[in-house]
Structures are given as C-alpha cells and as structure tokens.
Amino acid sequence: MNLEIFKTQSVLYAEDEEGISRHVGAILEIFFKKVYIARDGEEALELFYRHQPDVLVLDVCMPKLDGLMVLAQIREHDRKIPAIMITAHTEQPYLLRAVELNITKYLQKPFSKESLMESLRACEEYMRGWLGGELRVEIDESLSYNPSNKRLQIQEREIWLTKKESTLLEILLAKRGQVVGFDELINEVWGLEGGSRETLKFVIKEIRRKAGRAFIQNSFAQGYFIPKRS
C-alpha cells in the first residue's frame with residue numbers, strides 16, 4: 001500500500017511539543033491534502049468539529065484535554081474515523097483505554113518516520129476494509145462511489161457528499177443486499193448526537209437527489225437497503 005487513499009483527505013494532528021509537531025506535521029503533509037495541527041486537546045476538538053477530518057493522529061499527553069479524552073468525545077460523534085495514538089506510556093490502563101476507544105494504531109515515543117508510515121498504512125487498510133478494499137464501488141452502470149474522497153461519480157461528473165451522507169452510504173454499501181434497520185442507521189450515523197427517522201429520511205432523500213435516482217430503497221417498516229447488482 002502506498003497511501004494513495006490520503007491524497008484527497010485531511011488529517012488532524014494534535015501535539016503540544018513544537019519541535020515534534022513541526023517534524024511530524026511535515027511528514028503528514030507529504031501524504032495528506034490538508035493537515036490541521038492542534039497544540040492542545042481543546043483546540044483539537046475545535047478543529048475536529050470545524051473541519052471533520054478523515055484521520056486522527058493524537059498525542060496522549062496534552063494540555064487542557066489529553067488525547068484519550070479528546071478521542072472519547074470524538075467517538076460520541078464518529079465511531080469509524082481511524083485514530084493513531086502517540087504516547088510515551090506503556091502502562092496497562094492507558095493501553096486498555098486505547099483499546100476501548102477503537103485505536104487503529106498505538107505509536108510509542110520516540111518513533112521513526114517508518115513507524116509513522118506503518119501506522120498510516122494500518123489506517124489505510126482499515127479504511128479500505130469498510131468497503132471490501134475497493135477504491136471505487138460500482139452502484140449501477142453509470143453511478144459509482146469513491147470512499148477515498150467521499151464522492152459519488154456519474155460518468156465523469158463528481159458529486160460532493162456531506163459527512164453524514166457518505167457515512168450512511170458506506171454503511172448501506174458495506175451491507176449491500178441486506179436491509180439495515182432504521183435504529184441501526186440512526187445509531188451509526190448520529191451516535192450520541194441523536195438522530196430520528198425524519199432526519200434519516202431527509203439524508204436518504206438528499207443522497208437520492210444528488211445521484212438523480214432512487215438507488216437506496218425502502219423496506220416497509222424495517223429500514224433501507226441498496227440492491228445487489230445483477
């Protein structure tokens with residue numbers, strides 16, 4: 001894997017030590033379209049909510065809020081975003097908490113560029129795994145979805161999706177041919193933020209409108225599904 005998936009994506013990097021931040025930030029800029037850098041936990045949360053990055057790289061020991069506290073709050077809104085946790089700690093409580101928060105990779109200080117790249121490859125593998133390793137998923141003969149840039153494509157035209165639209169679409173594509181229940185979709189897309197069947201219906205309607213077709217189908221009183229291609 002050569003980290004191609006990140007060329008259209010953004011990363012949030014949180015580190016309070018300026019020298020390390022500058023060095024690691026420069027490496028991340030090689031692979032990502034945009035790098036957002038935070039100096040403390042509160043700034044990390046602010047940047048996350050403002051920019052909705054695709055990947056997290058968080059130091060555990062930061063002022064105001066530590067990396068685990070930051071990730072715990074992010075997990076209330078986004079359960080899927082890959083996260084690399086950087087720390088000098090090897091104590092079991094830290095490791096157990098990291099596992100609970102679904103850390104993609106644990107990176108111990110001091111670390112090399114090669115170790116960082118290995119962690120990014122783990123994130124790439126995790127992201128590809130959402131949709132069976134594909135970088136473009138065919139929906140029908142003229143409509144496809146690219147999970148690397150979160151866009152639908154109709155022939156040569158790309159269509160931008162919101163975070164919730166792309167998350168919902170990825171869930172349905174990952175379970176293509178299966179009915180996904182209303183409550184499961186609401187829980188996965190909105191989490192503790194809280195959604196409803198009306199907000200779910202609105203997001204489905206917007207995806208259909210942007211695609212110009214009703215490829216997401218309703219199973220009466222059960223949920224939604226995308227039919228398998230014949």
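Me: Helices are DSSP runs of H or I with at least four residues, and strands are runs of E with at least two, numbered from the N terminus. On that basis, where is Pro110 in this predicted model?

Reply: Pro110 sits in the loop between β5 (105-108) and α5 (113-129).

Me: What makes the bond between Lys109 and Pro110 stand out?

Reply: The peptide bond joining Lys109 and Pro110 is cis. Its omega is about -10°. Most peptide bonds are trans.

Me: Why does Asp59 count as buried?

Reply: The cut-off for buried is under 20% relative accessible area. Asp59 has 3% relative accessibility, so Asp59 counts as buried.

Me: Which element holds Asp59, and what does UniProt list for this residue?

Reply: Asp59 belongs to strand β3 (residues 55-59). The UniProt record, an unreviewed entry, lists Asp59 as "modified residue: 4-aspartylphosphate". Such annotations may be inferred rather than shown by experiment.

Me: Which residues does Asp59 touch, leaving out those up to four places away in sequence?

Reply: Asp59 touches Ala14, Glu15, Asp16, Gly67, Met85, Ile86, Thr87 and Lys109. Contact means heavy atoms within 4.5 Å. Lys109 also takes part in the cis bond to Pro110.

Me: Why are α2 and α3 called roughly parallel?

Reply: The axes of α2 (residues 41-51) and α3 (residues 67-75) cross at roughly 25°. Angles under 35 degrees count as roughly parallel. The two helices are therefore roughly parallel to each other. Their axes come within 9 Å, and the crossing is right-handed.

Me: Which residues of α2 and α3 meet, and how many of each class are there?

Reply: From α2 come Gly41, Ala44, Leu45, Phe48 and Tyr49; from α3 come Val70, Gln73 and Ile74. By class, the contact has six nonpolar, two polar and no charged residues. Gly counts as polar and Tyr as nonpolar.

Key: Residues are numbered from 1 along each chain as its sequence is written. This is a predicted model: local features need pLDDT of at least 70, side-chain atom pairs count only at pLDDT 80 or more; totals for chains, interfaces and linings use all residues. Side-chain values use heavy atoms; hydrogens and water are left out. Buried means under 20% relative accessible area, exposed over 50%, partly exposed in between (1.4 Å probe, protein chains only). Axes are lines fitted to C-alpha atoms, for helices over the stretch in contact, and angles run from 0 to 180 degrees between N-to-C directions. Angles under 35 degrees count as roughly parallel, over 145 as roughly antiparallel, 65 to 115 as roughly perpendicular and the rest as oblique. A crossing is left-handed if the near helix is turned anticlockwise from the far one by less than a right angle, and right-handed if clockwise.
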